[in-house]
Amino acid sequence: QLQLVESGGGSVQAGGSLRLSCAASGYISSNYCMGWFRQGPGKEREGIADMFGRGSSTWYSDFVKGRFTISQDSAENTVYLQMNSLKPEDTATYYCAAIWTWTPCRLQYGRYANGYWGQGTQVTVSS
């Protein structure tokens with residue numbers, strides 16, 4: 001089974017940047033959806049960004065479009081989330097998810113529900 005481990009979270013000031021990493025135990029092929037989700041205090045888990053086809057296609061939440069970027073390294077075992085211009089509203093636990101599929105997941109939580117999930121990494125943005 002594919003194991004995912006997130007890292008890179010921490011505490012930053014509003015306007016700052018963080019780069020989250022999702023390290024996979026195996027090869028992330030073009031048939032994997034790879035996504036980033038987050039859950040803030042008292043909120044439901046929401047999709048932030050995901051990719052398909054080793055990054056050939058990407059989708060972003062309107063809340064982060066233009067500020068966050070999802071990407072994959074050349075070794076195809078790590079997915080990143082570059083977060084710029086962070087806001088206090090971005091404070092949440094961030095999760096990496098993956099699932100093997102024939103078609104893109106288009107940031108739909110239901111497509112990832114039975115897939116692989118990391119343990120989460122905390123991001124706190126102070127004002």
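Residues are numbered from 1 along each chain as its sequence is written, and side-chain values use heavy atoms, with hydrogens and water left out. Because the model is predicted, local features need pLDDT of at least 70 and side-chain atom pairs count only at pLDDT 80 or more, while totals for chains, interfaces and linings use all residues.

The structure holds 2 disulfides, a disulfide being a pair of cysteine sulfur atoms within 2.5 Å. With the bonded cysteines numbered in sequence order, the pairing is 1-3, 2-4.

C33 and C105 form a disulfide with their sulfur atoms 2.1 Å apart. The link of C33 and C105 is right-handed, with 100 degrees about the S-S bond. C33 belongs to strand β4 (residues 32-39) and C105 to the loop between β9 and α1 (109-112), so the pair ties together parts 72 residues apart in sequence. Helices (H or I, at least four residues) and strands (E, at least two) are DSSP runs, numbered from the N terminus. C33 is buried at a relative accessible area of 0%, and C105 counts as buried at 2%.

An open sheet is formed by 4 strands in the order β1-β3-β8-β7, with antiparallel pairing; two strands pair if DSSP finds at least two bridges between them. β1 (4-7) and β7 (68-72) stand at the edges with a single partner strand each, so one side of each has no neighbour in the sheet. β7 is joined to the antiparallel strand β8 (residues 78-83) by 5 bridges. S71 has Y80 in β8 as its bridge partner.

The largest pocket is lined by 13 residues, of which R38, E46, F63, E89 and D90 lie nearest its centre. On a 1 Å grid over the protein atoms alone, a pocket is an open set of points where a 1.4 Å probe fits, with protein on both sides within 12 Å along at least five of seven lines, and lining residues have an atom within 4 Å of a point.

Notes. Buried < 20%, exposed > 50% of the residue type's maximum accessible area, 1.4 Å probe, protein only.
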